[in-house]
Amino acid sequence: HKHLLDLMDLSREEIQLILDTAESMKEIFTRSIKKVPTLRGKTIISLFYEPSTRTKSSFDLAGKRLSADMMSLSVSTSSVVKGESLVDTAKTMEAMGADAVIMRHSMPGAPHLLAESIDASVLNAGDGAHAHPTQALLDMYSIREERGKIAGETIAIVGDIKHSRVARSNIWALNKLGAKVRVVGPPTLIPANLEEMDVEVYYDLEEGLEGIDVVNILRIQLERQEAGYLPNLREYTKFYGVDEKILELVGDEVTVMHPGPTNRGVEITPEVAYGDQSVINEQVTNGVAIRMALLYLLTGGEKIEETAN
Ligand code: CP
């Protein structure tokens with residue numbers, strides 16, 4: 001593969017290769033010498049049309065730890081403001097020698113458009129409510145690391161499924177890797193076409209969390225709600241917020257995940273987010289390893305074994 005646009009393009013074996021490669025990458029950057037020359041001479045450019053803390057900074061660090069030249073275009077102070085198109089902006093970046101472009105955009109399919117227009121590798125860092133493949137890969141990595149396996153585990157994804165690219169990419173990857181998937185939330189935040197995907201739908205939080213292994217709690221995407229349909233957040237928290245009381249009912253063996261950023265105290269309490277069962281910070285660390293693996297696999301660096309010392 002040259003691009004990473006959607007996990008639907010990947011086989012189970014390819015997903016597993018990415019997870020295995022990320023394991024080696026995590027060993028590199030968690031030891032004292034954090035940097036290897038594997039991507040020396042490669043130029044990687046980030047184009048983020050939507051805000052990001054985790055995805056953008058972890059891609060930056062991932063590239064730097066592999067010695068690539070990393071550059072990010074600050075979209076809000078760029079010629080995009082003067083009306084330059086997405087494709088023209090990317091072609092300009094390519095003319096400066098980009099080997100890969102990492103892009104986040106509010107329009108579903110924007111990275112696909114870019115992949116058709118430029119020769120560089122395109123990595124989708126989130127396109128509207130469509131897909132967030134690198135997030136789902138780091139979530140798969142985190143589940144495998146914490147639980148020892150993914151196949152046979154029961155994962156409940158709770159919250160705003162309808163507007164969530166994280167939910168879509170997670171459901172796809174979990175099904176592919178043999179997990180059992182549930183979604184839990186109010187009917188207004190669960191899309192109608194879910195029957196096409198292999199998931200069980202629950203509208204009651206306690207029922208949906210009974211007997212699970214992992215709960216992945218999602219943020220309400222306030223920025224993507226249709227006009228006039230914004231959920232009442234206090235009511236949402238009452239019925240679907242995950243707090244210590246709910247977690248006690250679910251059991252102390254259940255792993256708590258959240259892609260971040262959280263709406264603090266809305267879908268998750270700080271006590272749960274920073275509690276013993278949470279792997280939220282580990283997810284962030286694993287995000288660097290996954291993005292190192294992807295940059296390495298897609299931009300074809302030298303072999304890690306040859307350059308690690
Ligand atoms: N999870 C995630 O994509 O976070 P950011 O929006 O901070 O990148």
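In this predicted model, α2 (54-65) and α6 (165-176) each contribute at least two residues to the lining of the largest pocket. Helices (H or I, at least four residues) and strands (E, at least two) are DSSP runs, numbered from the N terminus. The pocket has a volume of about 380 Å³, and of its 21 lining residues, R104, R165, R219, G260 and P261 are the closest to its centre. On a 1 Å grid over the protein atoms alone, a pocket is an open set of points where a 1.4 Å probe fits, with protein on both sides within 12 Å along at least five of seven lines; lining residues have an atom within 4 Å of a point. Volume is the space filled by probe spheres set on the points, which are joined across faces, edges and corners.

The lining divides by residue class as follows.

| Class | Lining residues |
|---|---|
| Nonpolar (Ala, Val, Leu, Ile, Met, Phe, Trp, Tyr, Cys, Pro) | 5 residues |
| Polar (the others, Gly among them) | 9 residues |

Strand β1 (residues 43-48) is joined to β2 by 5 bridges, and S46 stands opposite S72 in β2.

Residues are numbered from 1 along each chain as its sequence is written, and side-chain values use heavy atoms, without hydrogens and water. Local features need pLDDT of at least 70 and side-chain atom pairs count only at pLDDT 80 or more, whereas totals for chains, interfaces and linings use all residues.

Technical notes:
Two strands pair if DSSP finds at least two bridges between them.
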